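Dear colleague,

Please find below the structure that I am handing over to you, together with its sequence. My findings follow directly after it.

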Amino acid sequence: MKEGGRKQNAMSPCAACKLLRRRCAKDCVFAPYFPADEPYKFGSVHKVFGASNVNKMLQELPEHQRRDAVSSMVYEANARVRDPVYGCVGAISSLQQQVDMLQTQLALAQAEVVHMRMHQLSGSTNQQHQSVPHAGSNSSSENLYQSSRVLSSQTKSLFAMDMVVDQANMGHCLWSC
């Protein structure tokens with residue numbers, strides 16, 4: 001059975017103590033959060049933050065907040081290893097750009113739906129009344145349609161860039177590592 005990342009019978013060092021090549025004490029602050037079977041977690045955290053800084057951060061936090069802090073450090077360290085300049089901020093910025101583009105695309109689709117409904121409504125009104133169509137009634141609808149077509153062609157060129165997602169690291173999880 002495992003307790004806090006190590007076996008009860010054999011004193012297997014946690015990933016942090018193994019990487020630091022030191023003896024893992026019973027009260028090791030790293031052991032509950034960096035189990036021996038997940039050495040990559042501490043490796044990236046150590047590379048970015050340093051073992052002594054991680055130790056200090058964990059010591060200063062109440063025990064009930066440490067797991068979340070370690071999870072955040074692992075996420076930030078993995079993001080920082082992938083993108084040394086921007087780290088998490090680069091991922092957040094990339095996702096925000098995607099949200100902005102998708103909101104633009106949604107607005108264009110909604111405008112097109114409105115245009116189609118107006119066109120459908122004007123067609124059914126013309127059939128019911130069998131009267132001469134007004135020259136100015138369709139111009140605002142036509143202007144909306146033309147502007148949505150121009151925006152749509154601009155947006156399509158943006159979406160041809162494989163979005164902003166890093167396709168090479170798509171299978172790699174940033175959160176649970």
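In what follows, an angle of 65 to 115 degrees between two axes counts as roughly perpendicular. Please note that the model is predicted.

Packing of H2 and H3. Two packed helices are described by the angle between their axes and the distance between the axes. The axes of helix H2 (residues 39–49) and helix H3 (residues 51–60) cross at roughly 100° and come within 7 Å. H2 and H3 are therefore roughly perpendicular to each other. On the H2 side, the contact is made by Phe42, Val45, His46 and Phe49, and H3 contributes Ala51, Asn53, Val54 and Met57. Six residues of this contact are nonpolar and two are polar, with no charged residue.

Helix H4. This helix covers residues 63–82, which is 20 residues. From its first C-alpha to its last, H4 reaches 29 Å, close to the 28 Å expected at 1.5 Å a residue. The buried residues of H4 include Arg66 and Glu76, as well as Ala69, Val70, Met73 and Val74. Tyr75, Ala77, Asn78 and Ala79 of H4 are buried too.

The chain as a whole. The protein chain holds two strands and six helices, and from the N terminus on its elements run β-β-α-α-α-α-α-α. Of its 177 residues, 27% are buried. The chain exposes about 12,400 Å², of which carbon and sulfur atoms supply 55%. Among contacts between residues at least 6 apart in sequence, 56% join residues at least 24 apart.

With kind regards

Notes:
Residues numbered from 1 in each chain as written. Predicted model: local features only at pLDDT ≥ 70, side-chain atom pairs only at ≥ 80, totals over all residues. Heavy atoms only, no water. Axes fitted to C-alpha atoms, helices over the stretch in contact; angles between N-to-C directions. Helix = DSSP H or I, 4+ residues; strand = E, 2+ residues; numbered from the N terminus. Parallel < 35°, antiparallel > 145°, perpendicular 65-115°, else oblique. Contact = heavy atoms within 4.5 Å. Nonpolar A, V, L, I, M, F, W, Y, C, P; charged D, E, K, R; others polar. Buried < 20%, exposed > 50% of the residue type's maximum accessible area, 1.4 Å probe, protein only. Areas by Shrake-Rupley, 256 points an atom, 1.4 Å probe, with all protein chains shown as cover. Expected span 1.5 Å × (residues − 1).
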